[in-house]
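Colleague: I have just started learning to read protein models. Could you walk me through one, feature by feature?

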Amino acid sequence: MTPYARRGVHGQTVEALARRILGGRIPEGATLDLVALQSELDVSLTALRESLKVLAAKGMVDARQKRGTFVRSRTDWNLLDADVLRWRFEGGGTTTDADRALLGDLAEVRALVEPAAVRLAAARRTADDLAALDAALAAMGEPDPDPAHAVAADLAFHRALLAATHNELLARMELVIEPGLAHRDRIVHSSPRGGDPVPAHRAVLDAVRDGDPSAAETAMRALLDQAGRDQERAGRHDGGEAGTTPATPVEASPGTPAQAPRTAPTEATPTTPTQAPPSTTKGGPAQ
């Protein structure tokens with residue numbers, strides 16, 4: 001996957017274009033007017049083309065002779081890409097049904113992945129794994145008025161759990177889980193209605209430390225169930241955006257916690273000109 005610097009003109013251009021595409025302001029199939037975009041974003045044509053190459057690597061845009069650079073079908077987008085997920089959750093602006101659905105989808109992924117992963121962690125954890133989990137839990141319990149501290153500690157805990165499976169593919173699931181988890185945590189830890197996360201996480205850690213896979217799975221399911229309730233309460237307190245969708249169970253796995261409420265913000269950005277004549281993109285489509 002083509003890397004990019006999030007800071008600076010290049011990073012800002014990548015993210016501005018990505019959020020417009022993800023939010024539907026540049027629709028699927030639209031041909032980009034590169035001259036108009038260059039003027040609107042106040043960037044060089046070279047910088048614009050380099051930014052489009054990043055999005056092309058993520059399956060979001062492509063270029064063809066005579067047609068120019070265009071937005072690909074959503075079915076071609078790499079929706080599991082960590083940047084794509086982050087753009088969806090950090091966009092800001094109004095919340096759409098599609099965004100709430102994405103957070104719900106991620107909650108279902110967590111309900112399927114983490115209970116099974118924690119069973120492996122209980123069987124395979126090392127002293128280093130336990131030390132990482134202890135440190136994350138200790139940080140979670142530290143009083144700090146900044147919600148970002150609690151968010152970082154929670155992410156570190158779940159990252160350490162996946163690492164403790166000693167399964168490289170499962171460990172990389174953090175790239176899928178973390179953007180949604182971070183957004184959910186920001187909602188909960190910024191609200192006075194958010195519950196205390198430490199006891200539920202300590203129960204998971206105790207079972208992992210004891211090497212008891214069944215107890216670890218049970219504790220994780222309880223943790224995820226509490227996470228859904230906390231988010232629903234926090235969403236009602238913050239105006240009803242989060243947690244307004246009725247929860248449904250993941251039927252494929254008995255005992256799986258209720259699906260988390262569906263919500264996530266999108267960026268409010270001026271509409272980008274599209275459907276320019278082919279002549280506006282000649283010589284300049286992303287490769």
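**Helices that cross**

Modeller: Gladly! Let us begin with a pair of helices: α2 and α3 are roughly perpendicular to each other. Please keep in mind that this is a predicted model.

Colleague: At what angle do α2 and α3 pack?

Modeller: Their angle is about 105°, and the axes of α2 and α3 are 10 Å apart. An angle from 65 to 115 degrees counts as roughly perpendicular, so α2 and α3 fall in that class.

Colleague: Which residues make the contact between them?

Modeller: From α2 come Leu 34, Leu 37, Gln 38 and Leu 41, while α3 brings Leu 45, Leu 48 and Leu 52. Sorted by class, the contact of α2 with α3 has 6 nonpolar residues, 1 polar residue and no charged ones.

Colleague: Now α4 and α9: how do I read that pair?

Modeller: Use the angle again. The axes of α4 and helix α9, which covers residues 174-189, cross at roughly 15° and come within 8 Å. Angles under 35 degrees count as roughly parallel, and that makes α4 roughly parallel to α9.

Colleague: Is the crossing of α4 past α9 left-handed or right-handed?

Modeller: That crossing is right-handed. On the α4 side you can find Ala 82, Leu 85, Arg 86 and Phe 89; they meet Leu 175, Val 176, Pro 179, Gly 180, His 183 and Arg 186 in α9. This contact of α4 with α9 splits into 6 nonpolar, 2 polar and 2 charged residues.

Colleague: What about α7 and α10?

Modeller: Helix α7 spans residues 147-163 and helix α10 spans residues 198-209; their axes come within 12 Å and cross at roughly 25°. The two helices are therefore roughly parallel to each other. Here α7 passes α10 in a left-handed crossing.

Colleague: Which residues of α7 and α10 meet?

Modeller: Look for Asp 154, Phe 157, His 158 and Leu 161 in α7, and for His 201, Val 204, Leu 205 and Val 208 in α10. By class, the contact of α7 with α10 has 5 nonpolar, 2 polar and 1 charged.

**The whole chain and its cores**

Colleague: Let us step back. How many helices and strands does the protein chain have?

Modeller: There are 11 helices and 2 strands. Reading from the N terminus, the order is α-α-α-β-β-α-α-α-α-α-α-α-α. Buried residues account for 50% of the 287 residues in the chain.

Colleague: Is Gly 228 buried or exposed?

Modeller: Gly 228 is buried, because its relative accessibility is 11% and the cut-off for buried is under 20%.

Colleague: Which residues touch the most other members in the largest nonpolar core?

Modeller: That core has 24 residues, and the ones touching the most other members are Ile 21, Leu 48, Leu 52, Leu 55, Met 60 and Trp 87. At least two residues of this core come from each of α1 (8-22), α2 (34-41), α3 (45-57) and α4 (82-89). The most come from α1, which gives 6 residues. Apart from this core lies another, of 23 residues, including Ala 160, Val 198, Ala 200 and Leu 205.

**Backbone angles in the loops**

Colleague: Where is Lys 66 placed?

Modeller: Lys 66 sits in the loop between β1 (61-64) and β2 (68-71). Its phi is positive, about 75°, although Lys 66 is not a glycine. At 73% relative accessibility, Lys 66 counts as exposed.

Definitions and conventions: Residues numbered from 1 in each chain as written. Predicted model: local features only at pLDDT ≥ 70, side-chain atom pairs only at ≥ 80, totals over all residues. Heavy atoms only, no water. Axes fitted to C-alpha atoms, helices over the stretch in contact; angles between N-to-C directions. Helix = DSSP H or I, 4+ residues; strand = E, 2+ residues; numbered from the N terminus. Parallel < 35°, antiparallel > 145°, perpendicular 65-115°, else oblique. Left-handed = near helix turned anticlockwise from the far one by under 90°. Contact = heavy atoms within 4.5 Å. Nonpolar A, V, L, I, M, F, W, Y, C, P; charged D, E, K, R; others polar. Core = buried A, V, L, I, M, F, W, Y, C linked by side-chain atoms within 4.5 Å. Buried < 20%, exposed > 50% of the residue type's maximum accessible area, 1.4 Å probe, protein only.
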